[in-house]
Amino acid sequence: MAGEVKTKLSKNLLRMKFMQRGLDSQTKKQLEEEEKKIISEEHWYLDLPDLKEKESFIIEERSFMPCEDLLYGRMSFKGFNPEIEVPFKCSGLRCKEEEIEVDDKMEADVSDEEMARRYETLVGTIGKKFLRKRDQRVLQDEDEDGNSNTRPSKKAKKKFLKPQD
Amino acid sequence: QYVPVKGDHVIGIVTAKAGDVFKLDVGGSEQASLSYLAFEGATKRNRPNVQVGDLIYGQFLVANKDMEPEMVCIDSSGRSSGMGIIGQDGFLFKVSLGLIRKLLAPKCEIIQELSQLYPFELVLGMNGRIWVKAKTVQQTLIVVNILEACEYMTAEQRKQALAKLSGK
């Protein structure tokens, strides 16, 4: 007879913390969800459509300073109070708007003169490529003549001079 | 009537000294409070030398309709930047708020023309108070009269008046 009837515990008792320590995490979650459902049914809410908060384009500004870009109130003229005049130079005398000069010149990496020199030699070397064979021989002779002229002078310079007693 | 606004620079007159706090008359509906620590380089031991009746140039830290306005003579970085006790001598007078705004405009001819006359010092408070100090009492009074009259004079009249003065 003792094993047949089990005392039924109420739901509230089961929801108490000390009863839930032995439960699994899953059963805990189920219990929580059930609780939430109960709460949401009893919870009162307005059955109105959501009102969007209107973004106001009006900003309230109570001070005049930013509106008219006012100057600082303490001024000194003609060096009467150097402590104020020096840090606040623009308060006494109006700042002249400095014109910003725009540099239109782009600094080139290579100057114009260098460019011209290189171009001269460039034209010559590439021109030689397209010369016919006869013209190439002429060029070679010219080069040799030029070299032979310089050689004896070089040899003369290279001779060893004996020291005179 | 001046309404205190946060960030505005004003000239205040010290009316009372209540322990650590000074009460300043700012020309508004309420008196403003100023703590003695709100000066540059002020510590508990190194207190600023402020007496009743002194003039102070400071800005509002707190100024709304629910609370008593609070002033400081120090800016957010801890420097005085021109604020603090205004020195001895000089002349304090009141003008309308509109004239102050006109004078503080970026390109104000009145101030430009006056600066050509002779050296002097000028402090403009947004509460309608102006403090002037020049070398002699006469010069000070001349500047005061011009500033007061500027409200109702046209540009031509003003130039005439200044020409007379510079001619003298």
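A:Tyr119 is placed in helix 7 of chain A, in a model that is predicted. With a relative accessible area of 53%, A:Tyr119 is exposed, and this residue is one of those forming a nonpolar surface patch. Seven salt bridges are found over all chains.

**Chain architecture**

- Chain A comprises eight helices and one strand, and from the N terminus its elements follow the order α-α-α-α-β-α-α-α-α.
- Chain B comprises four helices and nine strands.
- Read from the N terminus, the elements of chain B are arranged as β-β-β-β-β-β-β-α-α-β-β-α-α.

**Helix 7 of chain A**

- Helix 7 covers residues 112-129 of chain A; at 1.5 Å a residue its 18 residues should span 26 Å, and the end C-alpha atoms are 26 Å apart, so expectation and model agree.
- The helix is hardly covered, since the count of buried residues among its 18 residues is zero.
- The nonpolar surface patch consists of A:Met115, A:Tyr119, A:Leu122, A:Val123, A:Ile126 and A:Phe130, which together present about 670 Å² of accessible area.
- A salt bridge joins the side chains of A:Arg118 and A:Glu114, with an N to O distance of 3.8 Å.
- These two partners, A:Arg118 and A:Glu114, are four residues apart in helix 7 of chain A and are therefore separated by about one helical turn.
- Within this pair, A:Arg118 is exposed at 57% relative accessibility, while A:Glu114 is partly exposed at 32%.

**Salt bridges in chain B**

- B:Lys23 and B:Glu68 form a salt bridge through their side chains at 2.5 Å, N to O.
- Because B:Lys23 lies in strand 2 (residues 21-25) of chain B and B:Glu68 in the loop between strand 4 (55-62) and strand 5 (70-72), the pair ties together parts that are 45 residues apart in sequence.
- Both partners are partly exposed: B:Lys23 has a relative accessible area of 23%, and B:Glu68 has 33%.
- A further salt bridge links the side chains of B:Arg158 and B:Glu109 at 3.3 Å, N to O.
- B:Arg158 is in helix 4 (residues 155-167) of chain B and B:Glu109 in helix 2 (residues 109-117), so this pair ties together parts that are 49 residues apart in sequence.
- B:Arg158 is buried, with a relative accessible area of 7%, whereas B:Glu109 is partly exposed at 42%.
- Salt bridges with shared partners join B:Glu109, B:Glu113 and B:Arg158 into one network.

**Local features of chain B**

- B:Asp89 adopts a positive phi of about 60 degrees, although this residue is not a glycine.
- Most residues other than glycine have a negative phi.
- B:Asp89 sits in the loop between strand 6 (84-86) and strand 7 (91-94) of chain B, and its relative accessibility of 59% counts as exposed.
- B:Ala16 is located in strand 1 (residues 9-18) of chain B and is partly exposed, with a relative accessible area of 30%.
- B:Ala16 and B:Gln51 are 35 residues apart in sequence, and their C-alpha atoms are 8.5 Å apart in space.

Key: Residues are numbered from 1 along each chain as its sequence is written. Chains are lettered from A and ligands numbered from 1 in the order in which they are written. This is a predicted model: local features need pLDDT of at least 70, side-chain atom pairs count only at pLDDT 80 or more; totals for chains, interfaces and linings use all residues. Side-chain values use heavy atoms; hydrogens and water are left out. Helices (H or I, at least four residues) and strands (E, at least two) are DSSP runs, numbered from the N terminus. Buried means under 20% relative accessible area, exposed over 50%, partly exposed in between (1.4 Å probe, protein chains only). The expected span of a helix is 1.5 Å times one less than its number of residues. Patches are made of residues with over 30% relative accessible area and no salt bridge: like charges are joined within 9 Å, nonpolar side chains (Val, Leu, Ile, Met, Phe, Trp, Tyr) within 5 Å. Accessible areas come from the Shrake-Rupley method with a 1.4 Å probe; for residues, only the protein chains shown count as cover. A salt bridge is a side-chain nitrogen of Lys or Arg within 4 Å of a carboxyl oxygen of Asp or Glu.
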